Amino acid sequence: MKEILVLYYSKNGSTKKLANYIARGINSIEGASARIRTVPEVSTSPKTFAATCEASDLYVTHDDLIECIGLALGSPVRFGNMASSLKYFLDNTTHEWLSGTLTGKAACVFTSSGSLHGGQEACLWTMLVPLLHHGMIIVGLPYTDSALMNTKTGGTPYGVSHHSGINDDMIISTDEKNLAILQGKLLAITSLKLAK
Ligand SMILES: Cc1cc2nc3c(=O)[nH]c(=O)nc-3n(C[C@H](O)[C@H](O)[C@H](O)COP(=O)(O)O)c2cc1C
């Protein structure tokens with residue numbers, strides 16, 4: 001069984017819900033298994049690095065990057081950008097960058113935003129850029145899936161997204177759910193092909 005890393009940051013749980021659906025898609029592909037990880041929350045106060053990780057989640061280690069054959073990377077939208085906690089982790093992957101740990105592996109990105117037009121695609125791009133620097137092969141979402149054309153909620157060709165509402169209380173729509181599962185499947189299929 002080959003493992004694929006689903007790495008996300010989520011403050012209020014919306015991005016985490018997408019991560020779980022992506023993991024479901026990965027696990028539905030024979031020979032692939034999802035390894036779900038998160039990152040610690042960073043703080044502007046050096047004394048209050050919060051421990052937000054729930055018992056069911058684990059913080060990512062650099063071994064996760066080495067051992068997994070693919071990567072799904074997710075963050076809530078923060079002013080059109082990825083969250084600083086996830087960026088902080090990526091900014092500490094110099095060793096992986098120089099040694100090519102992620103080079104040639106498949107990757108996809110996902111996000112959640114409070115408002116529908118609040119920067120989902122911009123945020124997805126901020127995550128894609130460092131993955132390209134790492135030499136990863138990007139897996140998007142195809143318009144051959146009708147959900148991408150018809151969705152009235154989240155879902156972009158750059159990666160799946162969720163419109164959570166300002167209070168993060170909107171449920172994952174059927175289209176968002178189906179696209180997240182599809183994204184997990186496509187990532188697993190591509191990762192397995194590239195890992196051969
Ligand atoms: C500091 C900050 C900046 C945010 N910036 C945006 C934004 O630019 N556009 C948007 O639609 N939502 C923005 N949001 C809302 C979050 O993206 C949204 O609530 C998201 O679904 C939360 O995901 P989570 O539950 O995984 O933490 C922002 C929230 C915070 C706290």
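Does F79 count as buried or exposed?

Author: F79 counts as exposed, at 88% relative accessibility, where buried means under 20% relative accessible area, exposed over 50%, and partly exposed in between, with a 1.4 Å probe and protein chains only. The model is a predicted one, in which local features need pLDDT of at least 70 and side-chain atom pairs count only at pLDDT 80 or more, while totals for chains, interfaces and linings use all residues. Residues are numbered from 1 along each chain as its sequence is written, and side-chain values use heavy atoms, leaving out hydrogens and water.

F79 sits in the loop between β3 and α3 (84-90); helices (H or I, at least four residues) and strands (E, at least two) are DSSP runs numbered from the N terminus. The backbone of F79 has a positive phi of about 55°, although F79 is not a glycine. Most residues other than glycine have a negative phi. D168 likewise has a positive phi of about 55° without being a glycine, and D168 belongs to the loop between β6 (159-163) and α7 (174-195). D168 counts as partly exposed, at 25% relative accessibility.

Strand β3 (residues 70-76) contains S75, a buried residue with a relative accessible area of 0%. The side chain of S75 reaches the backbone nitrogen of A83 at 2.8 Å, a polar contact in the sense of a pair of N or O atoms within 3.5 Å (within protein, one must be able to donate a hydrogen and the other to accept it, and residues adjacent in sequence count only if both atoms are side-chain atoms).

One of its oxygen atoms is 2.8 Å from a polar backbone atom of N12, an oxygen atom of the ligand is 3.2 Å from a polar backbone atom of G80, and a nitrogen atom of the ligand is 3.2 Å from a polar backbone atom of G114. The protein covers 77% of the 650 Å² of accessible area that the ligand has on its own, areas here coming from the Shrake-Rupley method with a 1.4 Å probe and, for residues, only the protein chains shown counting as cover. The elements giving two or more residues to the shell around the ligand are α1 (14-27) and β4 (106-113). There are 18 residues around the ligand, of which S10, T15, S112, G118 and S164 come nearest; a residue is near if one of its heavy atoms lies within 4 Å of the molecule or strand in question. By class, the shell divides into three nonpolar, twelve polar and three charged residues, with Ala, Val, Leu, Ile, Met, Phe, Trp, Tyr, Cys and Pro taken as nonpolar, Asp, Glu, Lys and Arg as charged, and the others, Gly among them, as polar.

Helix α1 also holds K16, which counts as buried at 16% relative accessibility. K16 and V6 are ten residues apart in sequence and 9.8 Å apart in space, C-alpha to C-alpha.

Turning to charged pairs, a search of the whole structure finds six salt bridges, each being a side-chain nitrogen of Lys or Arg within 4 Å of a carboxyl oxygen of Asp or Glu. In one of them, the side chains of E3 and R35 meet at 2.6 Å, N to O. This pair links distant parts of the chain, with E3 in strand β1 (residues 2-8) and R35 in strand β2 (residues 32-38), 32 residues apart. E3 is partly exposed, with a relative accessible area of 28%, whereas R35 is buried at 10%. K11 forms a salt bridge with E41, the closest N and O atoms being 2.9 Å apart. Here too distant parts of the chain are linked, K11 lying in the loop between β1 and α1 and E41 in the loop between β2 and α2 (62-67), 30 residues apart. K11 is partly exposed at 48% relative accessibility, while E41 is buried at 13%. D91 forms a salt bridge with K87, the closest N and O atoms being 3.1 Å apart. Salt bridges that share partners join E3, R35, R37, D64 and E67 into one network.
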